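Biologist: Please take a close look at a single part of this model, the contact between the two chains. Which residues and elements form it, and how are the chains related?

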There are 2 protein chains.
Amino acid sequence: MALSGLHRIAGQARAAAATTFHGVDAATQAPLEPGYPEATPEEIHAAVREATCAFEVLAASSGETRAALLEAIAREIEVLGDALLARAHAETGLPLARLTGERGRTCAQLRLFAQVAREGSWVDARIDPALPQRQPLPRPDLRRMLQPIGPVAVFGASNFPLAFSVAGGDTASALATGNPVVVKAHPAHPGTSELVADAVVRAVASVGLPAGTFALLHGREPRTGLALVRHPDICAVGFTGSHGAGRALFDAAAARPRPIPVFAEMSSLNPVFVLDGALGARSQAIAEGLKQSFTLGVGQFCTKPGLVIGVASPAWDAFAARLGELARAVPAGVMLHAGIARAFAEATADLRDVEWLSKGPAAVARVSAARFLDDPALHREIFGPFTLLVTVPDAAGLERFARALDGQLTATVHGDPGDLGGPATAGLFHVLAQRAGRIVLNGFPTGVEVAPAMQHGGPYPSTTDSRFTSVGTAALARFVRPVSYQDFPDGLRPAALQDANPLGLMRLVNGAPTRAAVGAA
Amino acid sequence: MALSGLHRIAGQARAAAATTFHGVDAATQAPLEPGYPEATPEEIHAAVREATCAFEVLAASSGETRAALLEAIAREIEVLGDALLARAHAETGLPLARLTGERGRTCAQLRLFAQVAREGSWVDARIDPALPQRQPLPRPDLRRMLQPIGPVAVFGASNFPLAFSVAGGDTASALATGNPVVVKAHPAHPGTSELVADAVVRAVASVGLPAGTFALLHGREPRTGLALVRHPDICAVGFTGSHGAGRALFDAAAARPRPIPVFAEMSSLNPVFVLDGALGARSQAIAEGLKQSFTLGVGQFCTKPGLVIGVASPAWDAFAARLGELARAVPAGVMLHAGIARAFAEATADLRDVEWLSKGPAAVARVSAARFLDDPALHREIFGPFTLLVTVPDAAGLERFARALDGQLTATVHGDPGDLGGPATAGLFHVLAQRAGRIVLNGFPTGVEVAPAMQHGGPYPSTTDSRFTSVGTAALARFVRPVSYQDFPDGLRPAALQDANPLGLMRLVNGAPTRAAVGAA
């Protein structure tokens, strides 16, 4: 379990460059051994070249093989035991209990995606058998299925060192559908990344897939990530992080001679609308729940509620005061790294003309809707334990305010039955559905289920592609493309498209879903 | 049925600018009345603003309403009768029989998409009911469905004045899923576009949807199309045309403050591999079929086979000679417009160091694989009746050549049972599946079925987004995005997500497809 301070390319630990950076203990800012190198252009090329060779094998592999790989990764991560948690705790400052939960979620996600890969119906097989007698022209036999897109670049996220990093949702989605992965480790947790990478390398070897199926590269310079995205054989990108970094990768991918898709999950205010009836009935409970939600993980969640909207009233003033009081009583937390702590301190210090309800440890401020709408600086996500209350003048102002919002991962409404029945609320929900990927009623947006019905992704700038999700089984749809086979004899068809349905898939035959063989009564 | 020479904005015929261009008789080059204006920035803004207002209504409309709209459009197009065909014939030079077929296809496509909209399961409803007893945390109720993305800009294609223009596949896909459409008419057939636009305007009014649901703008300057794509309220783009124009729109969309998806179907060589056994058994039939395919519509199909690959042999030489002979006997055709005719003449005249098998009316040339791979100029699509034969030295050269190909809409293999069984052919199919959206066996790529299993779209540069199709019912997936609803009471859920399944949709409940109500045994 000793850390080498090296990349992993084709299963080998190597590095051409000398050490240039260290992980840092988040609590003490002391450097952690070993040092890590910046990936060179040659190393990036080597990792992608190996991935491209592995793709030939991986694309032709069975769902069973891919499932075995994902399950082996989960097992190997568990085998890392407390050493993994200890290193992640040191590098990120996240509490051990949280990291234990995140490891559980990471492994559960790998096993869920293994089930989906094994079952196989994700290929969305569609079969339109030939109609040789059709007039004026016969219809050919057409059969279509999803196939892997090619080597995927995955960028580890600072705030989920396990669930959205080396073996997180992006990697699991890509591998489940037959794509090799080149991970750029987040430089704030290189040791955690190296441990997990070794688990993946062992898992790849254990199922007999080519070593090029997975690579880990270190680096903290923007040019390193950009070079990976610009490599001509990289076919898609998964990223979770800041708007600035995500947009830079998106722009680089779009400017390539051959543009590629980028799934960047970036920034979101996750607005919470508190309606009058709910405020009257359970102001205290909402304030308590909101405090929990916006300070969870020291406010370093992409779904942190950063904006809370209510109608001007004495009850709203009391709610604001209570939230400020709760925020002042929150214990101070350790942030993920010094850069995030500094950015948080600067962003809150820069806020002008706001009413401060708490300046810390968790921060709460309040402005009028008019002031918010006038000042684009207030629309920026502040990553950390901060939320901004916005007062609208009347109930009609809620929907008007919602219309002015940018794209969001989530939007939340707290309302009682008396609030919710009318046309005003229907209008609010309608507007929110156009601006957010997930709408939560009487709950809080932190906490993202890994489930078929999860949508974690919304209109820009919350993500670069609102048509996809980065959490839940639908996340697999990001790294695939359809291919149709016309007039192939059964023996030459991929198994998923053969008449007898040997894989037992749910398929669309003549437009109707069925698991039956083609031609069966 | 008189043509006004005006745009259609919110159902009104209007234009601020004076006439700047005319349609032209493709056969005689004589200008056709009336003249047409270039859309001004104000007109573009007005069309998009009306679309944005209409979106509120359209997004909330039922599948039945959208189906009624699409069916009304088909009826109104049929009501236009011979006047539509005559104008399209004059503007494009396409024969009346072809245009009659294309009209049939356009109306059939509208009616098929109406069926899909009415049936409703395209929303991909996914339901994960709450698990209140789950440990360590209860699972919330999560329900996810696809929703329209917002106003779509559609660019009419020159080569399909009906099926890929004002009321073509892009418009039908967008309307079926609840998105308003602003069409930029192709300047080579403004009169045809105006006639069809009037049909759409009448259909919109007949079903009681807002007039902003549809607009038609004229223009021939690149800046006009770019201004439409850059409008902040346009949410997606559909385009069929040249690589240069498609890439310019893609780049403009990616550079927006809020990037939007662009579905540009651009250029493809549609390679055809002729294996030795097939050549020995039916050389004459393949040559005849290929001639038909590459000269169909004067070679102005996006699926025209522009590259034919065979192994050096006397039989291949004889095939080449025969194809040249057939090409010389093809009657000369009228091309879509003078610009395309000029580009075709120049591109064929520019070819250097090729063996000419026919210089016209249909053109066939031949080069070695080594020569082809050395000269990027030979990799460019030549739009029109031209195909390039490529000789590879041996059977292993077929797969090697396939690996060097760019992304393609289609790839075709002609092979007899003796050719197809072995590992060499398996490798070829595998490589082609990574480079093309549709693989045709023993057929020809022209002829694109409108069916659930059709994939019309491949890796770049054939399209800007290989994950989607522009033909077939899956084309609807381009203009939608998922939204999850968490912990909504049944009465506040969209009908598609309600427990009782009042719309009778096929849904994914707890990960399993069913039409049953939630909670039903």
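Modeller: The contact takes 48 residues from chain A and 48 residues from chain B, two residues being in contact if their C-beta atoms, placed from the backbone, lie within 7 Å. This is a predicted model, in which local features need pLDDT of at least 70, side-chain atom pairs count only at pLDDT 80 or more, and totals for chains, interfaces and linings use all residues. Residues are numbered from 1 along each chain as its sequence is written, while chains are lettered from A and ligands numbered from 1 in the order in which they are written.

On the side of chain A that touches chain B, at least two residues each are supplied by β5 (126–128), β6 (142–148), α7 (243–254), α14 (423–435), β18 (436–441) and β19 (480–486) of chain A. Helices (H or I, at least four residues) and strands (E, at least two) are DSSP runs, numbered from the N terminus. The largest share of this side, 6 residues, comes from β19(A). By class, the side of chain A that touches chain B has 25 nonpolar, 12 polar and 11 charged residues; Ala, Val, Leu, Ile, Met, Phe, Trp, Tyr, Cys and Pro count as nonpolar, Asp, Glu, Lys and Arg as charged, and the others, Gly among them, as polar.

β19(A) also pairs with strand β18 (residues 436–441) of chain B, in the parallel sense and over 3 bridges; two strands pair if DSSP finds at least two bridges between them. A:Q486 has B:V440 as its bridge partner in β18(B).

As to the relation of the chains, a rotation of 180° with 0.0 Å of shift along its axis superposes chain A on chain B, with an RMSD of 0.0 Å. This is the relation of a two-fold axis. Copies are superposed by least squares on the C-alpha atoms of residues with pLDDT of at least 70 in both. In chain A, the C-alpha nearest the axis belongs to A:A254, at 3.2 Å from it. Of the interface residues of chain A, 100% are also interface residues in chain B, so the copies meet through the same surface.

Within chain B, α7(B) (residues 243–255) has a contact with α6(B) (residues 222–230), in which B:P222, B:G225, B:L226, B:V229 and B:R230 of α6(B) meet B:A248, B:L249, B:A252 and B:A253 of α7(B). The residues of this contact divide into 7 nonpolar, 1 polar and 1 charged.

Definitions and conventions
Axes fitted to C-alpha atoms, helices over the stretch in contact; angles between N-to-C directions.
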